[in-house]
Amino acid sequence: MRAHARREEHQINSIQARVISAGLRVLEAHGLECFNLRLIADEADIGIASIYHYFPSKDALLIKLALIGVTELRQLMEWRCEQATQPMPIRCASSAFFDFLKGRPSLFSLMFDSRLQVQSS
């Protein structure tokens, strides 16, 4: 019974991870304006109902992706500051900020989308 429960938990985590990964790919490829759950389901090779099992709405998934973006940006800023030869935190952080903006424009836009900020508060 225990092995069965672990297998189910792994399957749940795997499907949720596929949805998140597909969501990030769809966001970067199509932008926020064209972001939809059908594209994500197709990209993740799952049924659209499976997405709703993990995320009750499109906005819930978008909030999760935005939080991932914030985490990635924070980690990049920290890494840049750790790698700096001279301790200038504002320079390291701002460089990482603008590189993230340039490299992940759709995710960056989502992170600061005012519609999500209102919903998550």
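1. F97 is partly exposed, its relative accessible area being 25%, where buried means under 20% relative accessible area, exposed over 50% and partly exposed in between (1.4 Å probe, protein chains only). F97 and F98 make an edge-to-face aromatic pair, with 5.4 Å centre to centre and 90° between the planes.

2. This is a predicted model, in which local features need pLDDT of at least 70 and side-chain atom pairs count only at pLDDT 80 or more, while totals for chains, interfaces and linings use all residues. Residues are numbered from 1 along each chain as its sequence is written, and side-chain values use heavy atoms, with hydrogens and water left out.

3. Rings of Phe, Tyr and Trp (its six-membered ring) pair if their centres lie within 6.5 Å, and planes under 30 degrees apart count as stacked, over 60 as edge-to-face and the rest as tilted. The F108 and F112 rings have centres 4.9 Å apart and planes at 50°, so this pair is tilted. F108 is buried at 13% relative accessibility, whereas F112 is partly exposed at 45%. F97, F98, F108 and F112 belong to one aromatic cluster.

4. Beyond its neighbours within four places in sequence, F35 is in contact (heavy atoms within 4.5 Å) with G23, V26, L27, I40, K58, L61, L62 and L65.
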